[in-house]
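Hi,

Here is the structure I promised to pass on. Have a look at it first, and then read my notes below.

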Amino acid sequence: MTRAHLPGILAMAAIVLASNILVQFLFGQWLTWGAFTYPLAFLITDLMNRIYGPGPARQVVFVGFIVGVFCSLVGTQILLQGDGFTYPAVTLRIAIASGLAFLTAQMMDVAIFDRLRQGKWWRAPLASTLVGSTLDTAIFFTIAFSSTLTWIEPANDVAWANEVLPLLSVGPEVPLWVSLAVADWMVKLSLALLALVPFRMIVSRALQNQKLA
């Protein structure tokens, strides 16, 4: 790890920290504000991978993981009041889901990107982010809210997330958490496409500066 990697490290730490804060605030019926900042972590990982290689990219992912674990630990100690009872801002299930989803998805992103790095410039960032985002969403929402995994934290009542409702209010009936996952996944995919623009611009500028150095 060198000084050149510091911007990527700081950016990843900032994104993870901001996402952990913004996830507390709702955006519409299915999303939180954190859904719009968290996918930027994939952009940072892909930029580090393209410019410096998979090794530094994994180091940045590890930094993001550590920051996420720290935020989760802090969240478990913050107690909120609601409906006449007290509950932690971050439950054990959410903490486990968040950490496992982030680390697994980001490492998969690094591996796929590295495998496709010799192809067209857009193929590696797009494919790696799409796969990573899908994996991240599936792991997080399943572990955090599925009724089949209540044994992880028996005292945590996730009945609200398993209420059967039409998918995004218009589709077939599914548990509520599935609608939350689909909405989150759709945002991730949309931002993956939009992120190709800054990815191209930043990589071009960085590689040009490396040639001039």
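Let's start with a charged pair: Asp114 and Arg117 form a salt bridge, with their closest N and O atoms 3.0 Å apart. By salt bridge I mean a side-chain nitrogen of Lys or Arg within 4 Å of a carboxyl oxygen of Asp or Glu. Asp114 is partly exposed because its relative accessible area is 31%, while Arg117 is buried at 18%. (Buried is under 20% relative accessible area, exposed is over 50%, and partly exposed is in between, using a 1.4 Å probe and protein chains only.)

Before you go further, keep in mind that this is a predicted model: local features need pLDDT of at least 70 and side-chain atom pairs count only at pLDDT 80 or more, whereas totals for chains, interfaces and linings use all residues. Residues are numbered from 1 along each chain as its sequence is written, and side-chain values use heavy atoms, leaving out hydrogens and water.

Back to the charges. The count comes to three salt bridges. Lys188 pairs with Asp136, the closest N and O atoms being 3.5 Å apart. That pair links distant parts of the chain, as Lys188 is in helix 7 and Asp136 is in helix 6, 52 residues apart. (Helices are DSSP runs of H or I with at least four residues, strands are runs of E with at least two, and both are numbered from the N terminus.) Lys188 also forms a salt bridge with Asp184, and here the closest N and O atoms are 2.1 Å apart. Lys188 and Asp184 are four residues apart in helix 7, so about one helical turn separates them. Together, Asp136, Asp184 and Lys188 are linked in a network of salt bridges.

Are these three buried or exposed? Lys188 counts as buried at 3% relative accessibility, Asp136 is buried at 5%, and Asp184 is buried at 11%. Asp184 is also in contact (heavy atoms within 4.5 Å) with Leu31, Ala35, Thr137 and Phe141, leaving aside neighbours within four places in sequence.

Now helix 7 itself, which covers residues 176–194. Its 19 residues should span 27 Å at 1.5 Å a residue, and the end C-alpha atoms are 28 Å apart, so the two agree. Not counting residues up to four places away, Ser179 touches Trp30, Pro166, Leu167, Leu168 and Val174.

Next, the nonpolar cores. A core is a set of buried Ala, Val, Leu, Ile, Met, Phe, Trp, Tyr and Cys residues joined through side-chain atoms within 4.5 Å. The largest one has 20 residues, and Trp30, Leu31, Phe140, Phe141, Ile143 and Phe145 have the most contacts inside it. Helix 5 (92–116), helix 6 (123–145) and helix 7 each give two or more residues to this core. A second, separate core has 18 residues, including Ile9, Val16, Ile44 and Val67. Going back to Ile143, this residue touches Arg93, Ile96, Ala97, Leu100, Leu149 and Ile152, again not counting residues up to four places away in sequence.

Helix 5 is worth a look too. Its 25 residues should span 36 Å at 1.5 Å a residue, and its end C-alpha atoms are 36 Å apart, which agrees. Among its buried residues are Arg93, Gly99, Gln106 and Asp109.

Happy browsing!

Key. The expected span of a helix is 1.5 Å times one less than its number of residues.
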